[in-house]
Amino acid sequence: MPWFVQVITQKDISNMKNTGNKNSFDYIIAGGGLAGLSLAYYLSKSELNQLNVLIIDSSAKNNNDKTWCYWSDEEDDFSKICEKEWSKIGIQGKASELQVEEIAPYKYRKIKSEEWYKFIKNHLKAYPNFQFLQADIEYIHYAGLGTMVETSKGKFLASQKLFDSISPFPYDQEDPDQLKQHFVGWYIESNFPAFKADIAHLFDFRLAKGMDAEFIYFLPTNSHTALIEHTLFSGELKNKEYYEEKIKNYLLANYNLGEDDFRVLEVEDGIIPMKEVNIPQNLHQKWIKIGTSGGFVKSSTGYSFYQTQKILQKLVQHLANKDFDQEVNPKSIFKKWLDATFLEVMEDPTIDSNEILLQLFEKTEPSLLLKFLQGETSTTEDLSVMTKVPKFTFMRAGFPAFFNILKKN
Ligand SMILES: Cc1cc2nc3c(=O)[nH]c(=O)nc-3n(C[C@H](O)[C@H](O)[C@H](O)COP(=O)(O)OP(=O)(O)OC[C@H]3O[C@@H](n4cnc5c(N)ncnc54)[C@H](O)[C@@H]3O)c2cc1C
């Protein structure tokens, strides 16, 4: 008798109806959000699609809890479910004209998470060995030959691998010295045609007050609808009313939309850590952290949709090839240093972060900058981008960043 039967009680087993009374799976995916469902998707498309996989999430994932944007220079599996894609981006400084840039060969894409969850779940219907369990995960622990996941609906054993996208990312959200990207966004519909939907406005700094990066992110999807977010890169969080006031003021000042002129269809908010953390992972382990928990969010931008796809496609390939010596999320020390230097600059209260971001976009060829922000540039291209930033500022920040990186590696 396998050892784990001894720790699962009869009552637990009767709680496992959703999974056909199975309590042991080859793989368990803890958290079926972006990373968990992406992993299930790529597993199902690989030679590993015969494995028994259990995906556990506390939520049914059937609402639009997030908007995901990313840029890409190719059509991918999700291009067809994008709500909208743009080939132009806009950057607006405090005192300058709106700068509009063509971003070819890239497209900036927007996906409603609700559509994406639906797409993945429909795809997985063809794989009955991939099962879903809606339950709260209470505890995960190594258990002899596998990894045990204790949930509100019973205990489940991952006999080969447990992929964890629910463990907290190691940082203190309340710490005012810890830089984070925080935002509130509204998806609105105006009562009359108000927007031109051909430009994705990534940064509008006109509402920025101090040295912290503070901007409006405005994505008009047609003449009546738009996602508008107010974002700050800072240690201190603000109360909800602060962001909402900024959004209302922006709509009134720029589109002449008073509060009675539009409806808020959806609200989203987020606090994304901007911190370089070395999360030790390797494919020999039975418990592998993925997603935000695994450090997949790019610390300098807060984006992770694109990175998550790339990392997990590779991870599945390595698993299928039994190439366990490969790193899950490899990043060169040089790239880590660039990100850490950028974060040092953003954290420095004596430097106007808005000006730095503006300069970066004003001076760098847009497709090169987007490639750089994606982390896909060569060293020569990295150096070319670095010549566009204020040299003294970045050199000063580069030293502490370098020693921090050395300490962590
Ligand atoms: C509002 C918002 C907008 C964002 N927009 C973008 C964007 O435009 N582009 C981009 O690249 N990135 C964006 N991000 C950043 C990042 O891509 C997302 O946060 C992404 O969802 C992270 O993926 P994940 O799998 O790590 O976490 P999630 O997608 O949050 O998945 C984690 C899952 O675990 C489940 N879970 C957690 N705890 C438990 C538990 N104890 N028991 C059971 N289930 C549990 C949750 O229900 C959730 O489904 C955004 C983030 C937020 C918050």
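**Figure 1. The contact between helix 2 and helix 3 in the predicted model.** Leu37, Ala40, Tyr41 and Ser44 of helix 2 meet Tyr117, Ile120, His123 and Leu124 of helix 3. Sorted by class, the residues of this contact comprise 6 nonpolar and 2 polar residues, with no charged residues. Helix 2 covers residues 34-44 and helix 3 covers residues 113-124; their axes come within 10 Å and cross at roughly 35°. The crossing of helix 2 with helix 3 is left-handed.

**Figure 2. The crossing of helix 8 and helix 9.** The axes of helix 8 (residues 366-373) and helix 9 (residues 379-386) come within 10 Å, and they cross at roughly 115°. Because angles of 65 to 115 degrees count as roughly perpendicular, helix 8 is described as roughly perpendicular to helix 9. This crossing, too, is left-handed. On the side of helix 8, the contact is formed by Leu368, Leu369, Lys371 and Phe372, and on the side of helix 9 by Glu381, Asp382, Ser384 and Val385. Of the residues in this contact, 4 are nonpolar, 1 is polar and 3 are charged.

**Figure 3. The length and buried residues of helix 6.** Helix 6 consists of 15 residues, numbered 333-347. Which residues of helix 6 are buried? They are Leu338, Asp339, Ala340, Thr341, Phe342, Leu343, Glu344, Val345 and Met346.

How values were computed: Residues numbered from 1 in each chain as written. Predicted model: local features only at pLDDT ≥ 70, side-chain atom pairs only at ≥ 80, totals over all residues. Helix = DSSP H or I, 4+ residues; strand = E, 2+ residues; numbered from the N terminus. Expected span 1.5 Å × (residues − 1). Buried ≥ 20, exposed ≤ 12 C-beta atoms within 10 Å, placed from the backbone. Axes fitted to C-alpha atoms, helices over the stretch in contact; angles between N-to-C directions. Parallel < 35°, antiparallel > 145°, perpendicular 65-115°, else oblique. Left-handed = near helix turned anticlockwise from the far one by under 90°. Contact = placed C-beta atoms within 7 Å. Nonpolar A, V, L, I, M, F, W, Y, C, P; charged D, E, K, R; others polar.
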